[in-house]
Each structure stands twice: as C-alpha cells, then as structure tokens.
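We'll walk through it piece by piece.

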Amino acid sequence: MSTRHAPDLVSDELLDLTRRLGAPERDLVILAEGNTSELVGDEIVVKASGASMRDADRSSFAAVDLAALADLIDDPSGDQEQLTRALEEDGRGSTVRASIETMVHVAVRMVSSVRFVAHTHPTPVLALLASVRSETAFAEPVYSDELMVLGRPLHVPYAEPGLPLGRLFARRLREHLDEWGEVPSLVLLGNHGIVAISQSVEGADAISAMAVKSARVRLGALQAGGIRGLGEDATTHYFARSDFADRRAALSATAEAAQLQEGTAS
Ligand SMILES: [Zn+2]
C-alpha cells in the first residue's frame, strides 16, 4: 500500500533535525513524543510510531504516499480504519507503522511543498496551550525577534490525532493562506503542541526554540501582571521593512526562501 520502510530515503539532515529536537535538555519531547518529516519527491519520510526522537536512526522512519493520504483528508467518507491501513506497511518481514500524527505532516504539504516539518510538545508552550489563554496567548507578538522568527502563528483548536486533526489542520491552514498569503512558520495545536514549518533544518530548529522562549516570556509576563503586546502599528511596520522580509523569507516555507538560503550559503 502507501507506506513502506525506506531507510535509503532518510537524509542526514532529517536525522540531525530529529536528534537535535529530541535532546533531553531541550524538553521539547520525552519518550516517543513528537515527529519530524521531510518531503522527498511525492513521498513524505516521517518518524515511525513508537520511535524516540533522541535516538532516531534510519530505521525509525517510514515513507508514506502523499497523494493517497491527502485524498483521505479531503474525502469525507474516509475513516480511521482506512487511515490505520494506509499508515501500515502491508509488508513482508518487519512491519513499519507511520505515526498517527503523520496527517499533520500531510496537511502542511497539501498547501506547500516545504521540505521540513517538526512537531513537538514543548512543556512551556503546552502549558499555555492547555490554559484558558490557549487561543489568545500568541495572538499578538510581544518582541521583535519572535515576530521575525515566528511571523504570524496559526492556532488550531484541539482535535483527536488522525483524521479529525488532519482535516481541521488542513482547513485552518488554507484559511490562514487565504488571509495572509503565506504558510505559517509556527502552528500552535490547542492542548497538544507545536508544528514548525521550514525549508531548512536550521529554520525548523530556530522556530521550535523561539516558540519555547516566547512561551517563557508570556508565562513570565502573566506572573508580572499580564501580557502587553507590541501593538498593531509596530507589527505592521516590521512586516513592511524589506530587511525584515528577507530575514523572514530565509526561515519560512516558500520556494523563494530555499533559493535565498542557497544564495546565502554559496
Ligand atoms: Zn503530538
């Protein structure tokens, strides 16, 4: 079927990203939490169910067929049983099962052919996303560096991982794209975690790290009496600056960003 064991497709960069984000001292994930993926041709190479990010190796991933899973998200008659079957290798020998959260990685690639997606459960961010301020905590930027790295984050309310989350996530992403004309760098999943979206390992890592810092800043501000944002005028001004746009592009999901990064590296 659509899922297979494909260690040859696991890049050094995907392994590096996975292990970096899985480092215990970063407290982004524990045990088998979280998952990373890379778009490779018309497949997504995604962490397998049950594998830990910190110890990930080439056998910790599965390759899934993007079009088949995207069809399942868009087909209202698709059900969880079909999804379970689609995420399992119909295989001879050792079986591999892609994470149930693969649908988050699929939903992103339904709107953008971005290379890397990293999903984690950072404790300070989850503290806010599990609070009464889940929807509003990140609605306004509070300092310029987070605005540059995170752009305009998208909040997606809680849905059960699998098809319900995949469908809601895909819908909210399309709405965000219609409203702002760009794929968000950071998606906040209510009562769940974060999704970092970038053309590069460095970008996905920076977005994840900044999400944690931004959460800590907010938790501190709440202890000091409440969050005061940068304000609409300051935010609009930053987005209008060309140097700001260039730095944003280097971290984001656009094809131009990939070219820009290649240009900068050479
Ligand atoms: Zn998760």
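Are helix 2 and helix 4 roughly parallel or roughly perpendicular to each other? Before we get there, some ground rules. This is a predicted model, so local features need pLDDT of at least 70, side-chain atom pairs count only at pLDDT 80 or more, and totals for chains, interfaces and linings use all residues. Residues are numbered from 1 along each chain as its sequence is written. Helices (H or I, at least four residues) and strands (E, at least two) are DSSP runs, numbered from the N terminus.

Now the helices. Two packed helices are described by the angle between their axes and the distance between the axes. The axes here are lines fitted to C-alpha atoms, for helices over the stretch in contact, with angles running from 0 to 180 degrees between N-to-C directions. For helix 2 (residues 66-74) and helix 4, the axes come within 10 Å and cross at roughly 95°. That makes helix 2 and helix 4 roughly perpendicular to each other, because angles under 35 degrees count as roughly parallel, over 145 as roughly antiparallel, 65 to 115 as roughly perpendicular and the rest as oblique. On the helix 2 side, the contact is made by Leu66, Leu69, Ala70 and Ile73; helix 4 brings Thr102, Met103, Val106, Ala107, Arg109 and Met110. Contact means that the C-beta atoms of two residues, placed from the backbone, lie within 7 Å.

Two strands pair if DSSP finds at least two bridges between them.

Let's zoom in on the middle. Strand 2 (residues 35-40) and strand 3 (residues 43-47) run antiparallel, joined by four bridges. Leu39 has Ile44 as its bridge partner, and Ser37 has Val46. These two strands form a hairpin with two residues between them, and Gly41 in the turn has a positive phi of about 65°.

What about the core? A nonpolar core is a set of buried Ala, Val, Leu, Ile, Met, Phe, Trp, Tyr and Cys residues joined through C-beta atoms within 7 Å. The largest has 70 residues, of which Ala107, Ile194 and Ile207 touch the most other members. Helix 8 (residues 201-223) gives the most to this core, with six residues.

Finally, confidence: pLDDT is the predictor's own score for each residue, from 0 to 100. The protein's mean is 91, and 93% of its residues reach 70 or more. Over residues 255-266, though, pLDDT stays under 50. Where pLDDT is low, the predicted coordinates should not be read in detail.

Conventions: A residue is buried if 20 or more other C-beta atoms lie within 10 Å of its own, exposed if 12 or fewer, and partly exposed in between; C-beta atoms are placed from the backbone.
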